[in-house]
Protein chains: 2
Amino acid sequence: MATLNEVALRAGVTSATVSNVLRQRGRVGEATRQRVLAAVSALGYRPHLTARALAEGRAPTLALMVSSIANPFYPEFALAAERAARRSGHFMIVCNTNEDPEVGRAYLEQIAGTLSEGVLVMNANLDFEDLYKTERRGAPVVLCMWERPDQPPDLPCVAVDFRAAGAIAAQHLLDLGHTRIGSIIGSKRGGIHAARQDGFREALRAAGVRHPQSTVRFAHDSIRGGYQAACSLLETHPELTAIFASNDLPALGAMHAAADLGLRVPQDLSVVGITDIELARESRPALSTVAVPTCQAAEMAVDLLRQLIERAQRGAATDVGVRAAGMEATGAEAVLATMMRVTSAPILMARASTAEPRASKP
Amino acid sequence: MATLNEVALRAGVTSATVSNVLRQRGRVGEATRQRVLAAVSALGYRPHLTARALAEGRAPTLALMVSSIANPFYPEFALAAERAARRSGHFMIVCNTNEDPEVGRAYLEQIAGTLSEGVLVMNANLDFEDLYKTERRGAPVVLCMWERPDQPPDLPCVAVDFRAAGAIAAQHLLDLGHTRIGSIIGSKRGGIHAARQDGFREALRAAGVRHPQSTVRFAHDSIRGGYQAACSLLETHPELTAIFASNDLPALGAMHAAADLGLRVPQDLSVVGITDIELARESRPALSTVAVPTCQAAEMAVDLLRQLIERAQRGAATDVGVRAAGMEATGAEAVLATMMRVTSAPILMARASTAEPRASKP
DNA sequence: GTGAAAGCGCTAACAG
DNA sequence: CTGTTAGCGCTTTCAC
């Protein structure tokens, strides 16, 4: 691998000049410019990214922390995030934490600020303390899918209004005429899907539809989890005409359960999910769901991160930027702490897994 | 971020000593060692990976080239590969080429040898010339899922015997008593799935079962592609009792098609795929398929890459290592060019999508 | 316009 | 045992 110096030697100039030519900086004589360019291509010179980053005082990558890239939701996000990162001149390192905060900490310790200029966090079960520490060390952190725009966290984030998503799902079922609806929440009670559950529940209440605790199941956020929860739900509550799942995977599982119990979807049972992962379009019947702007979120997250990085490099002593409504500017720290972007609203994707309830259902 | 020098200052030693302490190198007095360690934790020192890599003459990452991480097969592989990479002290950069050789080239140009020490290539539609060039520049390249152990490529690779996989799928169908079998190939004719098709076809021929061209469809390697191909197949050949798909996604699509055409799987139609992606276990009915050792392949690929990297660093002038059978050692170049590892054999996962054909089928 | 020089943070000889 | 000295390959003032 040819170095700058070798190129310089061959062109009869100094490495500074070659650097200037390559970076289109200052005024270099046209003649030398040509000589340099010739040498560059003759030697097949390519800049050494590691060396460049070190000299520039930056880091060449962004880190994406996920619990496991194998979760069907993440690859779509990762794809969009990587594209966006490339646009800002970064490569993307994928960090699978396997839901283990220790692993997450080890990653942050090692690469934040040294190999990665900033950190994107998908729901990876990280210790917030570790994230604060990372930030204090100078490596910006962005939470990629915050579920409560109404309650900004102490970290910059991109928020998706999942409460609205839950409400939209509920409204869809209500509009079809359902009144006996079960729900499957793909997290612990009060866990990550709480906002979705709240939105759903409130929409039902507003419509005067009962939704007793006994028709709610908390499940693992997977097809299998949804399957089990749905079986339990339908066994104890055969009168249900619809099931809401807080995520697409459990919704898919619920459809399987229905099939195994001899119920036809959507004639005997309607099923609706949230997210609109690719699989939702490919299932049989196609899953009705509330689409969340995944790609937009990824782009906004990377963009926010980029801005934070720029600010950090400029010394954090300058302007204010976007911040959460209702907050006073109490110094850069506080402003950073509540910086939030909100994606566009979730939208209903009515497909084949929902329909009007059959009047004849027992 | 504290630097080595700051730590040294505080401990009253020189940065070299701190480095020695941290890297457990040479003999450092216990007293100074303690002082250094104290300073390290007082300052919260963490080594700067970029600087370290530059000084050591290595690169801190491995690059994984995939066409799109959103392809359901890749995340499982990427997860295993990342784990393995961590073990060898590397972080993993994901490079989505979007099937575009230009994009792939741009990645290779930029990071191979400068930010990434080596390159893992999943079927990413890359230009082989670019890969050779990358290798010549000193960044080892490993093909991760070579489909023909019998025909080693000119690049180090991990091969999976997909021909055997095709044969196993065929044998499964034959054992069940099927004789009228259609096949869906998830690539172009003679394309990437050719070995799977060959293995399948030969097994049928060996058993004396006819498999005319008219019962073969080439399709896009996706659920949708499989769906369309299966519709076409079943429309023109209603007598078929089974369908073989060269990949799980098209197999899943074939199941959907059957459902839409009023055929029950497996009673009216058996479907078998290849790979055993997670989804295969979660489909209804669960897909019978031939499992391929994805994780093992990932680990072997990273391991092979690690060895190549080590060799490249030692100067490529030493030992010979594993190489394809029947090749003479004609210098390091030639040896490298034909280095291949073969994973353990694919195995049948007989699940619910296959059964004996109904005697009564028209 | 171009070169000389310092330095990014760390490692790796080699002296002492 | 510890310090000194050179870099790794590149960028970036600042003179000439």
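The area buried between chain B and chain A is about 4,300 Å², with carbon and sulfur atoms giving 58% of it; buried area is the accessible area (1.4 Å probe) that two parts lose on being put together, summed over both. The model is predicted: local features need pLDDT of at least 70, side-chain atom pairs count only at pLDDT 80 or more, and totals for chains, interfaces and linings use all residues. Residues are numbered from 1 along each chain as its sequence is written, chains are lettered from A and ligands numbered from 1 in the order in which they are written, and side-chain values use heavy atoms, with hydrogens and water left out.

**Interface of chain B and chain A**

- In this interface, 45 residues of chain B are in contact with 45 residues of chain A, contact meaning heavy atoms within 4.5 Å.
- The rule finds four salt bridges across the interface, a salt bridge being a side-chain nitrogen of Lys or Arg within 4 Å of a carboxyl oxygen of Asp or Glu.
- A salt bridge joins the side chains of Asp260(B) and Arg284(A), at 2.0 Å from N to O.
- On the side of chain B that touches chain A, at least two residues each come from α4 (49-56), α5 (74-87), β2 (91-96), α6, α10 (223-236), α11 (248-260) and α12 (278-282) of chain B. Helices (H or I, at least four residues) and strands (E, at least two) are DSSP runs, numbered from the N terminus.
- β2(B) supplies the largest share of that side, six residues.
- By class, the side of chain B that touches chain A comprises 25 nonpolar, ten polar and ten charged residues. Ala, Val, Leu, Ile, Met, Phe, Trp, Tyr, Cys and Pro count as nonpolar, Asp, Glu, Lys and Arg as charged, and the others, Gly among them, as polar.

**Helix packing in chain B**

- Helices α6 (residues 101-111) and α7 (residues 128-136) of chain B pack at about 5°, their axes 10 Å apart. Axes are lines fitted to C-alpha atoms, for helices over the stretch in contact, and angles run from 0 to 180 degrees between N-to-C directions.
- That angle makes α6(B) roughly parallel to α7(B); angles under 35 degrees count as roughly parallel, over 145 as roughly antiparallel, 65 to 115 as roughly perpendicular and the rest as oblique.
- From α6(B), Pro101(B), Arg105(B) and Leu108(B) meet Asp130(B), Leu131(B) and Thr134(B) of α7(B).
- The residues of this contact of α6(B) with α7(B) are three nonpolar, one polar and two charged.
- Helices α2 (residues 15-22) and α3 (residues 30-43) of chain B pack at about 90°, with axes 10 Å apart, and are therefore roughly perpendicular to each other.
- Val18(B), Val21(B) and Leu22(B) of α2(B) meet Arg33(B), Val36(B), Leu37(B) and Val40(B) of α3(B).
- The contact of α2(B) with α3(B) has six nonpolar residues, no polar residues and one charged residue.

**Salt bridges**

- Over all chains, the structure holds 45 salt bridges.
- Arg33(A) forms a salt bridge with Glu30(A), the closest N and O atoms lying 3.2 Å apart.
- Arg33(A) and Glu30(A) are separated by about one helical turn, because they are three residues apart in helix α3 (residues 30-43) of chain A.

**Backbone geometry**

- Most residues other than glycine have a negative phi, and most peptide bonds are trans.
- The peptide bond from Val265(A) to Pro266(A) is cis, with omega near 10°; Pro266(A) lies in the loop between α11 (248-260) and β9 (270-275) of chain A.
- The bond from Val265(B) to Pro266(B) is cis, with omega near 10°, and Pro266(B) lies in the loop between α11 and β9 (270-275) of chain B.
- Glu99(B), a residue other than glycine, has a positive phi near 65° and is found in the loop between β2 and α6 of chain B.
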